[in-house]
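Trainee: I've got this one open on my screen, and I'd like to talk it through with you. Shall we go residue by residue and then look at the bigger pieces?

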Amino acid sequence: DPLETPETYTFYVFGTEKAVASVLGNKSTSVSIKGTDHRFWNVFDFDFITGKPFTAGDFDTKNPVAVINHTIAKKLFDSADNAIGKEFWINGNPYKVTGVVNDVTRLANTAYADIWTVINMPDSYGWGGGYCGDCSATILAKSKNDIPAIWNEVQKLTAQVNKRLEA
């Protein structure tokens, strides 16, 4: 891990992307999508109705999997229980549902979406060499006393990344 002091951290797309989600049988709906990594679920507090978040393995292999909210589960699959393991399409690309969560208020803008997918990060994920675009990170400290050490780690990693980007 590039950060050692925090309890955990997560990378995700800042904001959401509008798309169309659909299933066979002509059911479709407009959705807001957020790309995340597998740690997202350990940083933000979600209430899983059924299923589970996608895994580190899903993230590493860029599996086309998703967590959907309860409203989308009802619209596309008639219920949360019917959604798990089912395939649906986002803008024509197939995804498989791993979990269903209670809807998130738009006021929680960092965590909000209708559908969360594996973020399409460069292969050099982990403060490597690739620029990942409009992404954000949230760091979860074990205690407030760890914040200075976390800040120092982030500053060192930022300097390393900037040096690679300048090369």
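Trainee: Is serine 30 buried or exposed?

Mentor: Keep in mind that this is a predicted model. Serine 30 sits in strand E3, and leaving out residues up to four places away in sequence, it touches Ala19 and Asp114. Exposed means over 50% relative accessible area. Serine 30 has a relative accessible area of 52%, so the call is exposed.

Trainee: How far apart in space are serine 30 and lysine 52, C-alpha to C-alpha?

Mentor: In sequence, serine 30 and lysine 52 are 22 residues apart. In space, their C-alpha atoms are separated by 23 Å.

Trainee: Which strand gives the most to the lining of the second largest pocket?

Mentor: That pocket has a volume of about 250 Å³ and is lined by 14 residues, with Glu17, Ile33, Gly35, Tyr95 and Thr117 nearest its centre. Strands E3 (27-36), E7 (93-101) and E8 (115-118) each supply at least two lining residues. With three residues, the top contributor is E3.

Trainee: Why do the buried residues of H5 lie on the same side of the helix?

Mentor: The buried ones are Ile150, Glu153, Val154, Leu157 and Val161. An α-helix has 3.6 residues a turn, so residues three or four places apart point the same way.

Trainee: Which exposed residues does H5 carry on the face turned away from its buried side, then?

Mentor: The buried side has strand E9 (135-140) as part of its cover. The face turned away from it carries the exposed Pro148, Trp151, Lys156, Lys163 and Glu166.

Trainee: What is the phi of aspartate 78?

Mentor: Aspartate 78 lies in the loop between helix H3 (70-77) and helix H4 (80-83), and is exposed at 55% relative accessible area. It isn't a glycine, yet its phi is positive, at about 75 degrees.

Trainee: Where is asparagine 91 found?

Mentor: Asparagine 91 is another non-glycine with a positive phi, of about 50 degrees. It counts as partly exposed, at 46% relative accessibility. Its place is the loop between strand E6 (87-90) and E7.

Terms used: Residues numbered from 1 in each chain as written. Predicted model: local features only at pLDDT ≥ 70, side-chain atom pairs only at ≥ 80, totals over all residues. Heavy atoms only, no water. 1 Å grid on protein atoms, 1.4 Å probe; cavity = no way out; pocket = protein on both sides within 12 Å on 5 of 7 lines; lining within 4 Å. Points joined across faces, edges and corners; volume = space filled by probe spheres on them. Helix = DSSP H or I, 4+ residues; strand = E, 2+ residues; numbered from the N terminus. Buried < 20%, exposed > 50% of the residue type's maximum accessible area, 1.4 Å probe, protein only. Contact = heavy atoms within 4.5 Å.
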